[in-house]
Amino acid sequence: MFLWGTATAAYQIEGAVTEDGRGVSIWDTFSHEPGRTRDGHTGDVACDHYHRWPEDIALMSGLGVNAYRFSIAWPRVQPTGTGEANPKGLDFYERLVDGLLDAGITPAPTLFHWDLPQALQDRGGWMNRDTSQYFAEYAAIVADRLSDRVKMWITLNEPFIHMAYGYGLGIHAPGQALLLDALPVAHHQLLGHGLAVQALRASGAEQVLITNNCTPVRPGSDSEADRAAADAYDALHNRLFNDPVLLGTYPDLSAYGVEMDVRDGDLDVISAPLDGLGVNYYNPTRIGAPTDDGLPFTDLGITGHPTTAFGWPVVPDGLRELLVGLRDRYGAALPPIHITENGCSTEDTLDDQDRIAFLDGHLTALDQAGAEGVDVRGYFVWSLLDNFEWAEGYHQRFGLVQVDFDTQRRTPRASYTWLRNRLSPDAS
Ligand code: FCB
């Protein structure tokens, strides 16, 4: 069965940040620091999904999707990231999973969507190798409670973005700007992924995936310098996270003078077979030779295409290009693909024709990739609801459903009706 779903993440929708024993996450800390997010927005309340989840499941039922990708907040399950589980945190996800199953919707939880317990950050976060082991212990706790009902698991969400924005550039929590010195965060997340795969398998998990943010990379020109920079960017953004998982090797990054502490056996753990690769696609990237800000490339931006409210270029064919490229690079080592996020922000209107055009174009590209032989098994729209868009706060609206953040009123947009009709043409 092809999975059609919507995607969300815990910190972006749940709110209830001090309820039922939840611990503090790095996003609580970061969003409360002056100047970190636009207008000082925080996820304290967000979509209040922690209380309104039955209404949100009803919205999914009305949409006609058969799957839901959400994330589990580690600090709800282990408030300080290690040790005893918090039963009330697990109870919440159990209620949610049971509610989804009652509605005939397959739950697809992600174990880490960037909200690390602050207590682990205080010990170095993902710069500290120990976090990998703690992540596996947390995965085991969650799987022990839910794997009789949850069949599909995603370990990490976009380890590249978490490394680059959180530790490299300081745009996201934990707000560190280490540039390439952030590279150990890649290895420790991937090691955590591999160890979590072991924990999930031990609990009987049927399907395990990792979700990577992937982008087709284009050189700004044919010059040698631009092509070398584009290759460096592709290595850091794409291959650094796909190669170890699928091939058991890291791309050669020695030119950048940064060492990752890769120990004997690590790559075997990281490359344990998966049942699928989660791919988040938003746009391609155009890269030129470095200027002197400490990085081996310059992001030139894609021109000549429409842009979303966020300013991101809309290039549907980039999805086809990306998927065919993955198939060509990894061949038999590539498991079936699930598009675990794709979508766009628009102006805050109910008649969101831009989103309809975006989704229509990308679903066409998905069909074309399928026709070219790429095995795609699922597609999840980002996002069900308008939500807390990280450093942009509530300013970027990605929802098929509009949220009024003063009243928490949910109103389906035109794109919701459009997608419903596309998924179940006979129902309307
Ligand atoms: C992705 C994130 C997701 C959301 C979308 C717009 O990088 O995984 O949480 O913010 O971008």
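User: How should I read the sheet that contains strands E6, E8 and E9, and in what order do they lie?

Analyst: Strands of a sheet pair through backbone hydrogen bonds, either parallel or antiparallel. Here the model is predicted, and local features need pLDDT of at least 70, side-chain atom pairs count only at pLDDT 80 or more, while totals for chains, interfaces and linings use all residues. Residues are numbered from 1 along each chain as its sequence is written, and side-chain values use heavy atoms, with hydrogens and water left out. Helices (H or I, at least four residues) and strands (E, at least two) are DSSP runs, numbered from the N terminus; two strands pair if DSSP finds at least two bridges between them. The three strands make an open sheet, ordered E6-E8-E9, with mixed pairing. Strand E6 (217-219) and strand E9 (298-299) are at the edges with a single partner strand each, so one side of each has no neighbour in the sheet.

User: How many bridges join E8 to E9, and which residue stands opposite Gly-288?

Analyst: Strand E8 (residues 285-288) is joined to E9 by two bridges, and the two run antiparallel. Gly-288 faces Thr-298 of E9. Helix H10 (residues 224-246) packs on this sheet and touches E6 and E8; the directions of H10 and E6 make about 165°. Contact means heavy atoms within 4.5 Å. Axes are lines fitted to C-alpha atoms, for helices over the stretch in contact, with angles from 0 to 180 degrees between N-to-C directions.

User: Which residues have the most contacts inside the largest nonpolar core?

Analyst: In soluble globular proteins, nonpolar side chains tend to be buried together. A nonpolar core is a set of buried Ala, Val, Leu, Ile, Met, Phe, Trp, Tyr and Cys residues joined through side-chain atoms within 4.5 Å. Buried means under 20% relative accessible area, exposed over 50%, and partly exposed in between (1.4 Å probe, protein chains only). The largest core in this model has 121 residues, and Tyr-93, Leu-240 and Leu-323 have the most contacts inside it. H10 supplies the largest share of this core, nine residues. A second, separate core has twelve residues, including Ala-9, Met-152, Tyr-282 and Phe-380.

User: How do helices H5 and H7 pack, and at what angle?

Analyst: Two packed helices are described by the angle between their axes and the distance between the axes. Helix H5 (residues 87-102) packs against helix H7 (residues 130-146) at about 50°, the axes being 10 Å apart. H5 is therefore oblique to H7. Angles under 35 degrees count as roughly parallel, over 145 as roughly antiparallel, 65 to 115 as roughly perpendicular and the rest as oblique. Among the H5 residues that meet H7 are Tyr-93 and Val-97; their counterparts in H7 include Ile-141 and Leu-146.

User: Where is the cis peptide bond with omega of about 5°, and what is the phi of Leu-179?

Analyst: The cis bond joins Ala-173 and Pro-174. Pro-174 is in the loop between helix H8 (159-168) and helix H9 (184-202). Leu-179 also lies in the loop between H8 and H9. Its phi is near 50°, a positive value in a residue other than glycine. Leu-179 is partly exposed, at 31% relative accessibility.

User: Is Gln-408 buried or exposed?

Analyst: Gln-408 is buried, at 6% relative accessibility. Gln-408 is not a glycine, yet has a positive phi of about 65°. Gln-408 lies in the loop between E12 and strand E13 (409-412).
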